[in-house]
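I opened a notebook for a structure that is new to me. My plan is to look up a few things and jot down what turns up.

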Amino acid sequence: MLITKTPFRISFAGGGSDMASFYEEHGGCVLSTSINKYMYISIHPYFNPNYTVLKYSKNEIVKHIKDIEHKIINCILNDKNISGVEIVSTADVPGGTGLGSSSTFTVGLLNTIYSYIGKYVSKDKLAHEACDVEINKLLSPIGKQDQYAASYGGLNFIKFNKDGSVSVSPIIMKGNIYKELQNNLMMFYTGKMRSANDILSEQKKNITQEDKANNLKKMCALAQNMKLSLEDNDLSSFGKYLNEGWILKKTLAKGISNIDIDKAYEIALNTGAKGGKLLGAGGGGFLLFYCEKNKQEILTQKLKRELNIEKFDFKFEHDGSSVIYIGDKYWD
């Protein structure tokens, strides 16, 4: 058996600028970090090589891999001509919660398959191929940030160039400031899962509108300002940048926010948070807030009491997609 783990991510600023309809004309950028919540994928030869077994949110047993229902698994196994295996995926966080779960799965499965056949691929190739699977082959209305965040890991400034290339630059900062940033960030689960495709499809369409494109440019500028502030070891404006980005993000498409999310956000700002955002495309999932330590307990209690929203503990991680177990068979 071989097992990989691939991290989920939180994006601070620039989301939406990673779509081709925007970056091919203007260039895009995102500031994000991976976190210590993972997608785990295992693979081993199935005892009956005439069948392929898949276990995710449902179970599949197929004789021909072209009959696999899971679109991502179908695409990758057929591309690589892999059959007669059992693949199992489990995750620390459910899908549809704004942490890039679909792309995390794609990156993780590609890493698992390449490792299983004994082929090394770079983090850049892993991310690039995951984008190709989701965007070009499966026509998902998504951008590129999640694949690169999951593959590389760490706190990064990711640029999406007009020619389609992507550059990933780690944020270099003092250790104590890095730790302070991590400690001042809080996540709360709204209890709602959703498919991002409808919101992302509308957002993709809206990018061609001048006002929406201008707002995305402003969101990119915020990501750049965040990068410079962090590299200067200055956290004084981080919450303000998050808040400005959230205000801009809500203009990109309908359904990004709702009454419950707006209420939670208002409570947080009135209880000491300096800024925040909803992670992912919108509509549900996780809320992220920047709040100094001495005010966090009050905020946690108030959101729990008034909206029954629970705090979700996490830390930054820096490894990206990696192999965590190789059984004896692979050492023969």
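**Entry 1: a word on the model**

I'm working with a predicted model here, not an experimental one.

**Entry 2: aromatic pairs**

I started with the rings. How many aromatic pairs does a search of the whole structure find? The count is twelve. I picked out Tyr189 and Phe286, whose ring centres are 5.0 Å apart with the planes at 35 degrees.

Next I checked where the two residues sit. Tyr189 belongs to strand β8 (residues 185–189), while Phe286 belongs to strand β10 (residues 286–290). Their pair therefore ties together parts that are 97 residues apart in sequence. Buried or exposed? I looked up both: Phe286 is buried, with a relative accessible area of 3%, and Tyr189 is partly exposed at 26%.

Then I went to Trp246 and Tyr265, another tilted pair, with 6.0 Å from centre to centre and 35 degrees between the planes. Trp246 is in helix α9 (residues 238–249) and Tyr265 is in helix α10 (residues 259–270), so this pair ties together parts that are 19 residues apart in sequence. I noted Trp246 as buried, with a relative accessible area of 1%. Tyr265 counts as buried too, at 7% relative accessibility.

**Entry 3: charges over rings**

Still on rings, I looked for lysines above them. Lys5 lies over the face of Tyr38, 4.3 Å from the ring centre. Lys227 has its charged end over the ring of Phe157, at 5.6 Å from the centre.

**Entry 4: α10 against α11**

Tyr265 had brought me to α10, and I wanted to see what α10 packs on. Its axis and that of helix α11 (residues 296–307) come within 10 Å and cross at roughly 145 degrees. I wrote the crossing down as right-handed.

Which residues meet here? From α10 I listed Asp260, Lys263, Ala264, Ile267 and Ala268, and from α11 Leu299, Lys302, Leu303, Glu306 and Leu307. Sorted by class, the residues of this contact are six nonpolar and four charged, with no polar ones.

Thr271 made a handy follow-up, as its place is in the loop between α10 and β9 (275–278). Leaving out residues up to four places away in sequence, Thr271 touches Lys295, Ile298, Leu299 and Lys302. Two of these names, Leu299 and Lys302, were already on my list for α11. At 12% relative accessibility, Thr271 counts as buried.

**Entry 5: α4 against α5**

α4 (123–137) and α5 (145–152) pack at an angle of about 150 degrees, and their axes are 8 Å apart. This crossing is right-handed.

On the α4 side, the contact residues are Lys123, Asp124, Leu126, Ala127, His128, Ala130, Cys131, Glu134 and Ile135. α5 brings in Gln147, Tyr148, Ser151 and Tyr152. By class I have seven nonpolar, three polar and three charged residues in the contact.

**Entry 6: positive phi**

I turned to the backbone. Most residues other than glycine have a negative phi, and I went looking for exceptions. Leu139 has a positive phi, near 60 degrees. Leu139 is in the loop between α4 and α5, and at 66% relative accessibility it counts as exposed.

Asn233 also has a positive phi, about 60 degrees, without being a glycine. I found Asn233 in the loop between α8 (210–231) and α9. Asn233 counts as partly exposed, at 23% relative accessibility.

**Entry 7: Ser165**

My last stop was Ser165, in the loop between β6 (155–160) and β7 (166–170). How far is Ser165 from Glu24 in sequence and in space? I noted 141 residues along the sequence and 10.0 Å in space, from C-alpha to C-alpha. Not counting residues up to four places away in sequence, Ser165 touches Lys159 and Phe160. Its relative accessible area is 31%, so I put Ser165 down as partly exposed.

Note on methods: Residues numbered from 1 in each chain as written. Predicted model: local features only at pLDDT ≥ 70, side-chain atom pairs only at ≥ 80, totals over all residues. Heavy atoms only, no water. Phe/Tyr/Trp six-rings, centres within 6.5 Å; stacked < 30°, edge-to-face > 60°. Helix = DSSP H or I, 4+ residues; strand = E, 2+ residues; numbered from the N terminus. Buried < 20%, exposed > 50% of the residue type's maximum accessible area, 1.4 Å probe, protein only. Lys NZ or Arg CZ within 6 Å of the ring centre and 35° of its normal. Axes fitted to C-alpha atoms, helices over the stretch in contact; angles between N-to-C directions. Left-handed = near helix turned anticlockwise from the far one by under 90°. Contact = heavy atoms within 4.5 Å. Nonpolar A, V, L, I, M, F, W, Y, C, P; charged D, E, K, R; others polar.
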